[in-house]
Structures are given as C-alpha cells and as structure tokens.
Amino acid sequence: MTRPVSRPAIVWAIVRKDAREYSRDRLWLVLTTVGLVMFVALFWLLPSSVDETIRVGVYPADLADSLKGLGASGAEGGQGLEVVSFASPEALRAAVAGEGGADGGASGGDVAAGLAFPADFTARAARDETSDVTVYVGGNVPAEVRGAMESAVREIAAVTAAAAAGEDPASAVPVRQRTAVLGPDLAGRQVTPQERMRPLLAYFVLVMESLVLASLIAVEIQRRTVIALMATPARVSDILTAKVLLGTALAFSQAVILLALTRSFGAGWSLLLAGTLLGAVIATGTALLSGSAGKDFIGTLFLGMALLIPLAIPAVTALLPGATATWIKVLPTWGVIEVMVGVTSYGKSWPELWAPLGLAAVWCAVILVSGLAVLRRKVGTL
Amino acid sequence: MSASRILQVLRKDLRLGPRSPIFLFAVILPFVMTFVVQVAFSGLLEPAPRLGIVDRGGSQLTADAQQLPGIAVDVVGSEATLRQKVEANALDAGLVLEPGFDAALRAGQRPALPFYIGGESLASNRVILAVTTLDLVRAVEGKPEPANVVIDDLGAETLPLSARLVPLIVMYALIMAGVFLTAFAVVDEREKRTLDALLVTPVRLSEVLLAKAIMGFVIAVAMALVTLALNGALDASPVGLLLSVAVAALVSTAIGLVFATGARNVQMLFALTKGTGFLILGPVIFYLFPDWPQWVAKIFPTYWIIDPIYRLAIQGDALADVWWELLIALVIAGALGAVVVTLARRMQGKLAVE
C-alpha cells in the first residue's frame, strides 16, 4: 500500500534535498558568506558623499568676493567653490602645504589651492599695471584645477581693472554668456559612489548564487543522482521546478540581505523587491544553462562566467556617467539594473519604471524557458 | 632530469592548453580587468571635467581647449546633439561657437556664447569649465594678460588613481597565469588521472611539474607585459622591467606549484586560491591608499615582486634602485621551491598508493 503523494510535496522534498546538499558544500558556503560580507564591506568603504567643492584660499581678503563671484558663475549659489580669506601670503602658503595651525585663515583647515595677490593689487590694476600673482597648489591637485586657478587669477585681474576704471564688471566680460542647466539639477545632491556601486554588488551576489546552483546541477548530472530521483515518483518537471525554486530563493534571499545591509529599501521597496526577484530568476535560468552544459567543475564555472560576464555590462555601465547605449538596453539584465538604479539613486516609482521592469520580465521568461528546456533535454539523454 | 622529456610534456601542454577554459581566462582577464578598473573605477572616483564644443566657424578657442590638460574636450557636430549629450551626463558642459565668433570677439562686439551645463555634472566641474572657458575667450580676444601667474607647487605630487591601479591589474595577470594556470594544469591531470598515464612513461613527476611551471612562467611573463602595455606603462626601463616581470612570474609560478602539489582536486585548488587571495593581493591595496602606513605592505611576500614593477613602470625608477627588492623576491622563490620539493615528494607517495 502506498500513500499518494502530492506534486508540491515531491517538489518540496527535492528542494530540501538540494538545500541540504548546498549546506554540505563547504566551498560554496564559505565563498557565499565571505562574498556577501566583502560586498557589504566594500559598499561601506566607498565614499557616501560626493565632494563637489574646491576649497581655495585667497589673499588679500578684499579679493575674496571677486573669486566667489566667479564660483557663482559656474554653479548656482557658488556650490563648486569655497573661498577662504587669509591674513598673509605666508599663512595661505602654509595652509596649502598642509602645515597645520596656519595662522590667519578665516575658517582654518587645508585648502587645495591659494591665490596670493600683491597687497596693492587693486591700486596697480587701477593704474593698468600688470602684477605678479602667485598660485599655490598642493601636490595632489589635478591639472584641471591648476589650470582653472590660473584662469581665475586672470579673470579677477580683468574684472578688478574694469571696476577700477569705473566700468560695470559684468560688461568687462567679452562675451554675452547664456547659461542653461539641462536636465534635473543635482548640484549638491549627486549620486554617490556607494549608490553607483550598489547594482554591481547586487549583481555579484546573484552571480555567486547562479554559480552555486550551476555547480549543484552539474554534480547531479555527473554523478547521475538525477536518474536515481527519476526512479522515485518524482517527474522531470518536479526536479526542474525544485531547482528553479531553490535557485531563485537562494539568489533572491542573498540579494535582499545585501540590499538590506546597504540600506537600500526606502519608499520604492516593493519595486526594488520586484526587480531583485526578476534578477534572481535570470540568474537561475543562467545556472540551468551552464549547469546542464558543463562537463566538470571548471567547465561549469567557465560556462557560467562566459554567460554572466556579458550580463554584467549594464551593472558596469551604471558606474559610468552618460547615456546607456541602445545595445546595452537589449541585454537581459538591463531592466533589472535600471530598476535598481532608478529606485535607489533617483527615487523613481512604478509608473516611471514599468518599461524596464516589463522588459526584464520578458527576458526572465525567455532565459528560464531556455534553461529548463536544456536541462530537460540533458536529463532525458542520461 | 631530462630536458627533452620536459620539452615533450611542455609541447603537449602548449598544444592542448588553449582548449582549457583557464587558459582563456588567463589571456582574456588582463583586457577585461584593464577595462573595468581603468575605465569604470578610475572614472568613478576621479571624474575629470568633460567639455563639448559645437564649432561652426573654426574658432581658435576649440584648438586651445583641446590642448588643456585634465579636461576632456569633445567636438560635437550639432547643437541638438550637444544638448542631448549634456542632458544625458555624457558631457559636463557644452558651448556653441557661431561663425565669425573670433572676429566678433576681437572687434569688441561681445558675441553670444550659449553655455549648457549638465544637471548631473559636479558643481566643482561646472566652476572649472566656466572659469576655463572665460579664460579661453580672453585668449582669443588677444588683449595683453592683466596678470603674470606664478605657480608654486607645494608637496610631492600624488600619482593619479589610474596609475595606482596598475599593480592590481598586473598582479591579477600574474595570479591567473603564474599561479592558477600552473596549478590547474597539474591538478586537472591528477583529477582526470592522465597524470598516472604520464607517469607510467619514462617521464618523472619532477619533469611534469617543471614543464607545467615553464608554461605558467612564459604565459605569466607575456600577460604581465601585455597588461603593462595596455596601461601605457611599458615605456620606462625595458630591461629592468623585463627582469622584474620575469622574477615576479617566477615567484607566481612557484606559488602555483605549491598549490599544485598541495591540492587534491580542482575544488580544493579553487578554495586555496580564493582563501589565500588576500595574502597575494594584499600589497596592491596599499598603492591605492598612499595615506596608509606603507610599511605594512612589506609584510606580504608578494610586495617584493610587485613593488619593483611599480617603481620601474610607474615611478620611473632605475634597475639600480630596485635590485635589492628583486633579490628578496628571488630568496622567496627559493623558499617556495623548497616547499614544492617537499610537497612533490608527498604527492609522489600519494600517487603511488592511489
């Protein structure tokens, strides 16, 4: 007499078997744990803010306003430039050189560059005489900042000379500059390196879990334990369902842990969860493909990487500024990454992200069906 | 030990090696790493200002702008494209120069200068580009400079992040080819039991190991040099650099042989490589953070193989400055060689009873 067993019970039994096998594989267990800890640590090691300000010292103090005016011409409210006045050129030089305790700084602290005008600079400008101006720069100041400081000195000199001659300083500028900010102005609230890196880290976690599942499948095929399973009431569809459920659960849970530990869940949590779930299914589908085709451990690993590296491109491009090329938008993971970036970096909502989410769902179905077909075929040939 | 037998095994490995996924990894990795590390991470942490120019009249300003150090200038075909690129944050700012801009400027007519700023551009980059543009305009105007600027450089110059990342990429190339490829070549043969077949021929285990090591060494040298070339760091001191890379490949290969003789299977080798990754890669982290106490890096044995390469390729030092570091690296290689001999004897014993 045998008690009839329901299909969900069979699937659940296979899931439990696979989960036990996973927990016994020390290599993957250690790598998964270490990887997760490392990714979270890397996230928190990255800068959590964007330093958009160049701190510049100036002597004498009465020229500080001219420099601030230049800063305001570049960014609204002069956010890009912080001007500190100094009581003497020596104090300014010491501050730039990073020699602590420099006297005379209006607000103290190190400055990236210092503009030391002669004390009688304004008077000389009024007499139309050329002055020597020293620009102090620190060792780690990039070339573009050095160049901009030289330019700033010449601009201040020109404007000061015009003002001394009784002209309107604005009309001393030889062009009629029409400035327009294109796109949402993020000055002062830029996307931080941490936020840019988050999708890539989430992708790494999905990759790791994809490789784990691929390895489990490959081992099952190589050892032919799948044939033993077929001798039980389990059907091929039960085995496949169990693999998909376990793979998705593993990848999804790890990615959610990473996102939680990197404080990613805010207003758009449901959208982020949906995107992550689709990412986990894509990772599982990829694992089914590589696990079925790999002949051994390294072969499976290589096939998995060969599939997963191109899929990482959208996550890598999220690090870079600029528009995403059309061919990248065609990649299966683009939708998932777009949702992650949209929710965590720009606070986008469901109506704004339905298109990438829909595309990701379509890709999910395609990869999963392909993976299942390949694995079913492989099992059938054993 | 027979040179001809070693050569025969080596020839077989070089013929069959390219079929292995690890071989492909070792060759492709430097290219992928260079792209990821230099393009993505360097740009992420040190974003340089990017200026787009639509020049409808062949202005001198465009030519001057292209000579500016530290600013990436992109000459764009149309204003619509420029606006699109600026809005998409592909450029920080963009300006449009109408025909006759230079002549109007010199005639004191104050020509219009549309200046577009990207909403996602850093405020500091906006200031740099705005001030620099004004200076370029004044240079075209041709009036005498109102001030003589004297630059006083204070403190030692810090190398850009792109240069400090080179050791990381070179080290990866050495690990993949010198360590992993060498070790995998042995462990794979052991796991597939083709090593047993080899050892029933007159070939000895020591000859097999040496052949694998030579293959790993040659590929490690080649890939390290390719990596340096890809990163534009192969120009300085070619002889010294070749010697340093050879010593680094020697130590890497010796580590690979330790793993090869210590690991029972590929999984164990994978775990060994991952587990010791921190020890091997440790010193390269210190180049990224010059403020950290640099003496700590010297504790890691691999410091002595990567520092000569860094000093010769990036800092422009001469071979005479790094010879003692190379000497320490050779001592480390010797010590690793002794470990390999012990482990190889143990392996020989195990193979006999397996």
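Biologist: How many Å separate the centres of domain 1 of chain A and domain 2 of chain A?
Modeller: This is a predicted model. The domain assignment gives domain 1 of chain A as 19-46 + 197-381, and domain 2 as 54-172. Taken over C-alpha atoms, the separation of the two centres is 53 Å.

Biologist: What ipTM does the predictor give the complex?
Modeller: For chain B, the mean pLDDT is 88, and 95% of its residues reach 70 or more. For the complex, the predictor gives a pTM of 0.72. Its ipTM is 0.76.

Biologist: Which helix of chain A gives the most to the side that touches chain B?
Modeller: In the interface, 73 residues of chain A are in contact with 66 residues of chain B. Several elements of chain A each supply at least two residues to that side, including helix 2 (26-45), strand 5 (176-182) and helix 7 (193-222). The most, 15 residues, comes from helix 6.

Biologist: Which residue of strand 4 of chain B is the bridge partner of A:Arg178?
Modeller: Strand 5 of chain A and strand 4 (residues 112-118) of chain B run parallel, joined by seven bridges. In that strand of chain B, the partner of A:Arg178 is B:Pro114.

Biologist: Is strand 1 of chain B mostly covered or uncovered?
Modeller: Side chains in a regular strand alternate between the two faces of the sheet, so both faces need checking. B:Arg50, B:Gly52 and B:Val54 point one way, B:Leu51, B:Ile53 and B:Asp55 the other, and all are buried. With six of its six residues buried, strand 1 (residues 50-55) is mostly covered.

Biologist: What is the bridge partner of B:Gly52 in strand 3 of chain B?
Modeller: Strand 1 of chain B has parallel pairings with two strands of its chain. With strand 2 (residues 72-75) there are four bridges, and B:Ile53 is partnered there by B:Val75. With strand 3 (residues 93-97) there are five bridges. In strand 3, B:Gly52 is partnered by B:Gly94.

Biologist: Which helix of chain B joins strand 1 and strand 2 in a β-α-β unit?
Modeller: The two strands pair in the parallel sense. The unit they form with the helix is right-handed. The helix is helix 3 (residues 60-66) of chain B.

Biologist: Which residue in strand 4 of chain A stands opposite A:Leu115?
Modeller: Both faces of strand 3 (residues 113-116) of chain A are covered: A:Ala113 and A:Leu115 are buried on one side, A:Gly114 and A:Ala116 on the other. Strand 3 pairs in the parallel sense with strand 1 of chain A over four bridges, where A:Val56 is partnered by A:Ala113. Four bridges also join strand 3 to strand 4 of chain A, and these two run antiparallel. There, the residue opposite A:Leu115 is A:Val135.

Biologist: Which residue does a cis peptide bond join to A:Tyr59?
Modeller: Most peptide bonds are trans. At this bond, omega is about 0°.

Biologist: Is A:Asp128 buried or exposed?
Modeller: A:Asp128 is not a glycine, but its phi is positive, about 65°. The loop between helix 5 (121-126) and strand 4 of chain A holds this residue. A:Asp128 has 11 C-beta neighbours inside 10 Å, so it counts as exposed.

Biologist: What is the phi of B:Arg193?
Modeller: B:Arg193 lies in the loop between helix 8 (166-191) and helix 9 (194-199) of chain B. B:Arg193 counts as exposed because it has 11 C-beta neighbours inside 10 Å. B:Arg193 is not a glycine, yet its phi is positive, at about 65°.

Biologist: What distance separates the C-alpha atoms of B:Thr273 and B:Val179?
Modeller: B:Thr273 sits in helix 12 (residues 266-275) of chain B. It is buried, because 20 other C-beta atoms lie within 10 Å. Leaving aside neighbours within four places in sequence, its contacts are B:Val179, B:Phe180 and B:Phe259. B:Val179 is 94 residues away along the chain, and the C-alpha separation is 8.4 Å.

Technical notes:
Residues numbered from 1 in each chain as written. Chains lettered and ligands numbered in written order. Predicted model: local features only at pLDDT ≥ 70, side-chain atom pairs only at ≥ 80, totals over all residues. Domains from an automatic or database assignment. Buried ≥ 20, exposed ≤ 12 C-beta atoms within 10 Å, placed from the backbone. Pairing = 2+ DSSP bridges. Right-handed = clockwise from strand over helix to strand, strands pointing away. pLDDT = per-residue confidence, 0-100. Contact = placed C-beta atoms within 7 Å.
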